[in-house]
Amino acid sequence: MLSQIYQSSLRPLLFALDPELAHSLAIATVKTVGNSPALQSVVSRLLKYENPRLTQTVMGINFPNPIGLAAGFDKNAIAIGGWASFGFGFAEVGSITCHGQSGNPQPRLFRLPQDEAIINRMGFNNIGAEAVAESLRAYTQTHQLIGIPLGINLGKSKITPLAEAKDDYVSSFKLLKDFGAYFVINVSSPNTVGLRDLQAVDTLEEILLTLQAENLEHKPLLVKIAPDLNDQDIQAIVQMCMQNQVAGIIATNTTIARQNLQSPESLISQMGGLSGQPVKKRSLEVIKLIHQISQGKITIIGVGGIASVEDAWAKIMAGASLLQLYTGLVYQGLPIVKNIAAGLVQKLDEFGLEHISEAIGKTWE
Ligand SMILES: Cc1cc2nc3c(=O)[nH]c(=O)nc-3n(C[C@H](O)[C@H](O)[C@H](O)COP(=O)(O)O)c2cc1C
């Protein structure tokens, strides 16, 4: 119902605006809600869905539900107080780089409505790890807990040479380590030159070993991978992650592929990462593969083209314990979170299951 109102009334207004302006308005709204207990209570009543059948402890962290905000939406962690009211079970901020940077020149964000997709080449625009740490410190001193686990996604600064990538990630981690429930090493954005080369197993292992040496509190570390890796590369990454106490893998980031799209060539040919419906199939395959290779022993956060209960359920059945959304929020609006949460409980009933944890990787039993 609220989702229909969004699609018929609010979305046309937002889509008439420049995509970055629309995004800034969305972030400002969530931040405003997060700063006002009265608004939090109104929004929660409308959009929050709570059910013990969806709560889980994953990687030692308690999640009220499996639906999270994907990285890239709240890059500078400015709206963290609001995400719980909109029904999210966790929120991942970033990507944050060691050095603040403005990202690529605009335009760098494109909607592809005919494909329910987005192309972005933002290029890790963010205020940098020190400034985010400062703002998170100030936030935690003046506010109550945000109510849901906070993930912190780390990227590599543009000015840092690839050979020094590990120092960049470690410097950010040291500054931010007190504020995140889990940390993500993002080596899969297509918009920082050479970043995806860090997915090469030896290079990635070096970064992870350096981070683990600093990770004295044993916060869960996850790696976020691209859908464009081939199956052999994925196998090597999963095995290496398991050998290095990596808690989980986020599958997947955006794709550089451009297959079977309906949008005009002028949009399809934009450089950047494609997200939404076109990435859904490969993201699901990657999740299945990781689950199969790891025999269910590594946590998977499934992301890529989730826009319905069916999409969410498919990823859980494929082996994802947790899910994330970005493009689905743009096309369906924030009510999608509640719709999916309520829909997952219906799915549990349909399949005769008591708890969401029983559905994870079900297709592989
Ligand atoms: C505009 C935009 C910016 C993004 N920025 C980041 C980012 O900074 N770090 C990251 O790990 N992923 C980033 N992503 C990728 C998303 O987190 C997600 O992995 C991807 O979009 C697939 O999910 P979706 O189809 O639900 O959007 C971004 C995606 C979009 C659309």
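The model is predicted: local features need pLDDT of at least 70, side-chain atom pairs count only at pLDDT 80 or more, and totals for chains, interfaces and linings use all residues. Residues are numbered from 1 along each chain as its sequence is written.

**Around the ligand.** The shell holds 28 residues, and A70, G72, S275, Y326 and T327 come nearest. The elements below each give two or more residues to the shell. Helices (H or I, at least four residues) and strands (E, at least two) are DSSP runs, numbered from the N terminus.

| Element | Residues |
|---|---|
| β4 | 90–96 |
| β6 | 117–120 |
| β11 | 273–276 |
| α11 | 327–332 |

**A helix pair.** The axes of α4 (residues 129–142) and α5 (residues 165–176) come within 9 Å and cross at roughly 10°. Axes are lines fitted to C-alpha atoms over the stretch in contact, with angles from 0 to 180 degrees between N-to-C directions. α4 and α5 are therefore roughly parallel to each other (angles under 35 degrees). A129, E130, V132 and A133 in α4 meet S171, S172, L175 and L176 in α5. Contact means C-beta atoms, placed from the backbone, within 7 Å.

**A buried helix.** Eight of the 10 residues of α10 (residues 309–318) are buried, so α10 is largely enclosed by the rest of the structure. Buried means 20 or more other C-beta atoms within 10 Å of a residue's own, all placed from the backbone. W313 and K315 are among the buried residues. Their cover includes α9 (277–293) and β12 (299–303). G319 follows α10, and its phi is positive, near 130°.

Methods:
A residue is near a molecule or strand if its C-beta atom, placed from the backbone, lies within 6 Å of it. Angles under 35 degrees count as roughly parallel, over 145 as roughly antiparallel, 65 to 115 as roughly perpendicular and the rest as oblique. Two residues are in contact if their C-beta atoms, placed from the backbone, lie within 7 Å. A residue is buried if 20 or more other C-beta atoms lie within 10 Å of its own, exposed if 12 or fewer, and partly exposed in between; C-beta atoms are placed from the backbone.
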